[in-house]
Amino acid sequence: LYAPYIVDNPFPPSRFFELLRPLAKNYRFIDTETILREELTKGTKDLYWLDDTHWSWKASEAIFSRERFPQEKPGHG
């Protein structure tokens, strides 16, 4: 996610989402990369914890504010 913003980044860009997006899916695909990149272009900081590979509450908030999930009915799930 941050690779384009790292000066002199020695690592090749990840192609994970580019390869995943066009594949047939039997599940709901939430393109978190696109959502979080949009947040970065808006200037949102700290989407990931500084010392971790997990996203922060800011990333969770951005994702869940854009996606809608059906409510589970009592006794199901």
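**Entry 1: aromatic pairs**

I searched the whole structure for aromatic pairs and got two. The model is a predicted one, so I keep that in mind throughout. A ring pair gets described by how far apart the centres are and by the angle of the planes, and I noted both each time.

F16 with F17 is edge-to-face, with 5.2 Å centre to centre and 90° between the planes. F17 with F29 is tilted, at 6.3 Å centre to centre and 45° between the planes.

What does the pair of F17 and F29 tie together? F17 sits in helix α1 and F29 in the loop between α1 and α2, so this pair links parts that are 12 residues apart in sequence. I then wrote down that F16, F17 and F29 make up one aromatic cluster.

F29 comes out at 25% relative accessibility, so I put F29 down as partly exposed; the cut-off for buried is under 20%.

**Entry 2: L20**

Next I went to L20, which is in helix α1. Its relative accessibility is 16%, so L20 counts as buried. Which residues does L20 touch, leaving out those up to four places away in sequence? I found K25, Y27 and F29. F29 is also a member of the aromatic cluster from my previous entry.

I also checked L20 against A62: they are 42 residues apart in sequence, and 21 Å separates them in space, C-alpha to C-alpha.

**Entry 3: the nonpolar core**

Which residues make up the largest nonpolar core? I listed seven: I35, L36, L40, L47, A59, A62 and I63. Two elements, α2 and α3 (57-66), each give two or more residues to this core.

Not counting residues up to four places away in sequence, A62 touches I35 and E39.

**Entry 4: the largest pocket**

How much space lies in the largest pocket? I noted about 310 Å³. The lining has 18 residues, and those closest to the centre of the pocket are L1, Y2, S14, E33 and R37.

I then sorted the lining by type, and got 12 nonpolar residues, three polar and three charged. As for where the lining comes from, α1 (16-20) and α2 (32-41) each supply at least two residues. The largest share belongs to α2, with four residues.

**Entry 5: phi values**

Last, I looked at backbone angles. Most residues other than glycine have a negative phi, and I wanted the ones that go the other way.

D8 is one of these: its phi is near 55°, a positive value in a residue other than glycine. I placed D8 in the segment before α1. Is D8 buried or exposed? The relative accessible area of D8 is 73%, so I marked D8 as exposed; exposed means over 50%.

D46 also has a positive phi, near 60°, and again the residue is not a glycine. Where is D46? I found D46 in the loop between α2 and α3.

Note on methods: Residues numbered from 1 in each chain as written. Predicted model: local features only at pLDDT ≥ 70, side-chain atom pairs only at ≥ 80, totals over all residues. Heavy atoms only, no water. 1 Å grid on protein atoms, 1.4 Å probe; cavity = no way out; pocket = protein on both sides within 12 Å on 5 of 7 lines; lining within 4 Å. Points joined across faces, edges and corners; volume = space filled by probe spheres on them. Nonpolar A, V, L, I, M, F, W, Y, C, P; charged D, E, K, R; others polar. Core = buried A, V, L, I, M, F, W, Y, C linked by side-chain atoms within 4.5 Å. Buried < 20%, exposed > 50% of the residue type's maximum accessible area, 1.4 Å probe, protein only. Contact = heavy atoms within 4.5 Å. Phe/Tyr/Trp six-rings, centres within 6.5 Å; stacked < 30°, edge-to-face > 60°.
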